[in-house]
Structures are given as C-alpha cells and as structure tokens.
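Visitor: Could you take me through this model, giving the general idea of each feature and then the case at hand?

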Amino acid sequence: MKPLCSRMYMLVSRLWAAISKALFAEFLATGLYVFFGVGSVLRWPSALPSVLQIAITFNLATATAVQVSWKTSGAHANPAVTLAFLVGSYISLPRAMAYVAAQLAGATVGAALLYGLTPGNVRGTLGINVIYFTGCSMNPARSFGPAVIVGKFTVHWIFWVGPLTGAVLASLIYNFILFPDTKTLAQRLAILMGTTVEEKVVEVEPEKKDSQCNSEDTEERV
C-alpha cells in the first residue's frame, strides 16, 4: 500500500505543480494584455492615440502574452479561447473553469494597476467598451477588468455573449466539419471530466509489471 500511496502522492503533486504554473501563466498573460492594451486607449494629453496605434499596441500586447505563457498554459489569455478549446475536447471542464478564473483575476489586477498609475484626467473611464459600436473587444477578460475597477457594467453582457458565441461556432466548424478528429464520445467525456490522466496511469502500471515478470523469467531460463 505504501508504494501505491507514494506514487499517487507524486502524481497529485506533479499535477498540482503543472496546473498552478498554468494558472499563474494565464493570470500574468491576461494582466499584461489588459495593462498595456487598455493603457493605449486612454486619453493622454501629449497626443491622443490613433486607431492604428491602439491596434498595434493590442497586437504587441497579445504577442507578449503568448510568448510568456504558451509553453506553460497554451497561451489562452482569453475566456473565449478557453471555451473554444473546451468545445473541441482539448481541455477538461475543471481546467477551463480554473483558466477563466485566472484570466479574470489577471485582467482585474492589470486594470487596477493601470488605474493606480495613471492620472485622473488621463484614466477617465479606463477604456471600458462604450466607444464606436463595441470597441472591438473580442476578449471578455479585457472588458471585465476595467468594468470591475470603474464599476460600470452598461451593456457589459454584449462583450461576453458575442465573443463566446463566436468561439463556440468557430470551434464546432473547425473540429467537427473542417478537420474532424477521431475521438469517441467516451474519450470526449473523459477529457471533459479530466479523467484521462488517471486512466493512462492505470493502463501503464500492468505493462510495467508484465515486463518485469518477463525479464525475471528470462533470467531464470538463462
């Protein structure tokens, strides 16, 4: 029993270490994205930012977020992206929920830092999405962070329903029509519930025992 318990403890420890690193990566990446991206839309007195400058800044912020987190968490930094991965059976529901929580926390902290570091006449409403039609916010976390800090949620639901609906449709079209994979329903349910790791461990152990037995038999015959 002790060897089995120790192996289970090591497995849980490794899983927690991997998940905690991934969550911190999502937190950090989304925080950086909101801090620099939203910072580019503020009304700086020296020079008002143009649409092109804002677009370039957001793209550079996205590239930075991806660079710092893609090896650890897959560089989602966006609840819509996480939902697309969930629909495509690439991550489990618990991991997806943890990712979204980390993203929203990171976005809120990034917006709070930006709010605290900018003068009052510059920060204004902290770039909440009520400019033009939607402000082109395809990241619900980007909309959520500033809205929490400023305390304004006018038509905020639009910036959740739109990106999440688009993410679901895109994932369905890509994973089930354009490039359908061979996952069975049982495999998809296992991935959804996060039980695939445990199943692999159970399958590998008997193989190791069999190989050990075979090697012992061979030694005896020799």
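This is a predicted model: local features need pLDDT of at least 70, side-chain atom pairs count only at pLDDT 80 or more; totals for chains, interfaces and linings use all residues.

**Reading the fold**

Guide: From the N terminus on, the elements of the protein chain run α-α-α-α-α-α-α-α-α, where helices (H or I, at least four residues) and strands (E, at least two) are DSSP runs numbered from the N terminus. Residues are numbered from 1 along each chain as its sequence is written, and side-chain values use heavy atoms, with hydrogens and water left out.

Visitor: At what angle do the axes of H3 and H4 cross?

Guide: Two packed helices are described by the angle between their axes and the distance between the axes. Axes are lines fitted to C-alpha atoms, for helices over the stretch in contact, with angles from 0 to 180 degrees between N-to-C directions. Here the axes of H3 (residues 79-87) and H4 (residues 93-117) cross at roughly 175° and come within 9 Å. That makes H3 roughly antiparallel to H4, a label for angles over 145 degrees. The contact (heavy atoms within 4.5 Å) involves residues including Pro79, Thr82 and Leu86 of H3 and Leu93 and Ala96 of H4.

Visitor: Is Leu178 buried or exposed?

Guide: Buried means under 20% relative accessible area, exposed over 50%, and partly exposed in between (1.4 Å probe, protein chains only). Leu178, which is found in helix H7, is exposed, because its relative accessible area is 53%. Buried residues make up 31% of the 222 residues in the protein chain.

Note on methods
Angles under 35 degrees count as roughly parallel, over 145 as roughly antiparallel, 65 to 115 as roughly perpendicular and the rest as oblique.
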